[in-house]
Structures are given as C-alpha cells and as structure tokens.
Amino acid sequence: MEMIENIGITPEIVQAQEALSVYKGAPRVNLVIIDNINDSCMNKTNALKYQCRTLEKYTNFNRIYYISDSITSTNSSHVVYSTYSDFYDNIVSRLPPKIEYFVFIGLNFFFLRETNVNHFINEHRSAITYVKKQIADNDTLQDIFNSIYDDFKYNFKPTENYCCVDNTLLNQYHQLLSKINHLDTYIFTFLPIINAANSYGSNCIETKIQFANLSGGYYEKFMWIQTVHGSERCPLAVTFNKLNDDTEGYIEFLDSITPHSSRLEEEIFVNVTTNVLVSNT
C-alpha cells in the first residue's frame, strides 16, 4: 500500500480479481524462458546447459516454453517459439476462460532451491511480484502507466529477469507491447509493475532472487552463494546481467552449484554452429 499510491484501484476491484482467479483444481503454473543472450556469446551454450540442470532438479512447472530463434528442443514438454508473438498467439490467446500463471525468466537465470507454488502465487491466487527498493526511471513507461491510471506513481523496481503474471493480464495489455517496443522491458519491468497495480500492491514481496552484476563485484557473491547453497539461507534463484565470454569464475560457479548432469541438457540445445562449449565440465 505504501509502494503504490493514487492508482485509482479500490479493494472491491481486488476482491473481484481474487474471485475470478478461484477455480477448482490446482493452479497451473507455466515457465517461459526468454532467450536474451546474443548468439555470438560462446557462454550461451553453457548458460542453457546449467539452466536445464537447475530446472530439472528444483522445479516442477506444468509446461515450459522457450522464446528463441536459436534454441532447439526434442522434448515435447519444452516447446520453442521463435518470437513472443508466436507464443502469445499459439498459447496465451487460446486458453479457456480460467486463470493460468506464467513465470517469465531470462536465459541467464538459475534456480538454487526447490520451488513450489507459494513462490509464485500468494494465498489470494495473485501472481507474486518480487521487488527491490530502488526507483525505476523510465519516461516511456511512465507515460504509458499514466495513460492507464491517472497520476500513477511507483517507487520500487521489479527484480531482474523475472516476472510472474496470469493470462488475463497478458491478454489485457498485449497491445501495449508495440508501444514499448522492447520485449525485456515489457516482460520484466512493465508487466510486474502493472501486476502489482492490479493487485493493489498486495502481491509485492521483497525479492528472494539474487542478482550478480557481471561487470564487477560478483565474485564475492559467487562465494557467498556457494557457502549457503543447500541451506535455508540460500536464495530462491540467482540471475545476472549481460553475459560475456570471459567472465572470471562464471562456469566454475555454475558447475559448483549444479555438478550433476540432466536429461534436459541432452534434449534442449543452442542450434548455432559458432556457439560452442568453453568448458567440458
């Protein structure tokens, strides 16, 4: 309530949204992985491999989708769409009139502990928005927000490379993607803030996801995560900013937290001939 002010949404609207989201059966939570690593980055193959390991070990999503023009899947439960529009047209727009949830993550995102539905949906069946205590300044987004809610104000930043929303939200705001004109901004900034606004701020939780800036100061974070990995102090996941080929300790860190192999890494791969492993571990 303190984070979101003057957005013109009443508790009655929130109650109506909660009533809509209640239906028989367990909620369906799907994972959507946005390929936001350049094909020229040789570490892209490693990122995909280690992400597959963490997905297989720590998660149990109903379905997993990839949005990528360079990833290939031979697993029928992990479907690849070349663009977000293809994914939306084939999946979201065709869902029956009941709520399903979609967790969006970047390719450079790794789960560190076992997940359950309570990490993504609160007791009111509202998709959880993980937030940080920084103000996100984006004039274009602010103008769009103001066109939806008069005098819209927000003073938090969504956690990086992560978003959980339901299909009604994806349908309601899909046309705004063309105005924002950047998929990462739409998925990881616009949608989490709108999700929080539509839930009157009742779904905002301080982030359980660690972020490591690969431009500097990340090595100490690697060491800390390795120390707490497997304990109750371990964060839900870790994600990074733009990946490069020569990040010191990146491969060693990922191999240390997921030393096991997985079936998925043999079924999902980068289909780019120039993208080769830099490590055989």
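Analyst: Helix 8 is followed by G230, whose phi is positive, near 90 degrees; helices (H or I, at least four residues) and strands (E, at least two) are DSSP runs, numbered from the N terminus. The model is predicted, and local features need pLDDT of at least 70, side-chain atom pairs count only at pLDDT 80 or more, and totals for chains, interfaces and linings use all residues. Residues are numbered from 1 along each chain as its sequence is written, and side-chain values use heavy atoms, with hydrogens and water left out.

Helix 8 itself spans residues 219-228, and its buried residues are F222, I225 and V228. These three lie on the same side of helix 8, because they cover an arc of only 140 degrees around the axis, the arc being that of the directions from the helix axis to the C-beta atoms. Here buried means under 20% relative accessible area, exposed over 50%, and partly exposed in between, with a 1.4 Å probe and protein chains only. The face of helix 8 turned away from the buried side carries E220 and T227, both exposed. The cover over the buried residues of helix 8 includes strand 13 (209-212), strand 14 (237-240) and helix 9 (250-257), where contact means heavy atoms within 4.5 Å.

Turning to another helix, N195 has its place in helix 7 (residues 183-198) and counts as buried, at 3% relative accessibility. Leaving aside residues up to four places away in sequence, N195 touches A127, I128, T129, C164, V165, L169 and N203. The side chain of N195 also reaches the backbone oxygen of C164 at 3.3 Å; a polar contact is a pair of N or O atoms within 3.5 Å, of which, within protein, one must be able to donate a hydrogen and the other to accept it, while residues adjacent in sequence count only if both atoms are side-chain atoms.

Among the strands, an open sheet is formed by three in the order 10-8-12, with mixed pairing, and its edge strands, each pairing on one side only, are strand 10 (157-158) and strand 12 (204-206). Two strands pair if DSSP finds at least two bridges between them. Strand 8 (residues 129-132) and strand 12 run parallel and are joined by three bridges, with V131 opposite E206 in strand 12.

Strand 2 (residues 29-34) is linked to strand 3 by four bridges, again running parallel, and the chain passes from strand 2 through helix 2 (residues 43-58) to strand 3 in a right-handed β-α-β crossover, meaning that, with the strands pointing away from the viewer, the path from the first strand over the helix to the second runs clockwise. Strand 2 is covered on both faces, with V29, L31 and I33 buried on one side and N30, V32 and I34 on the other. Strand 2 and strand 6 (residues 101-106) run parallel and are joined by six bridges, and I34 stands opposite G106 in strand 6.

For the whole chain, the secondary structure comes to 10 helices and 15 strands, and 52% of the 281 residues count as buried. Of the contacts between residues at least 6 apart in sequence, 82% join residues at least 24 apart.
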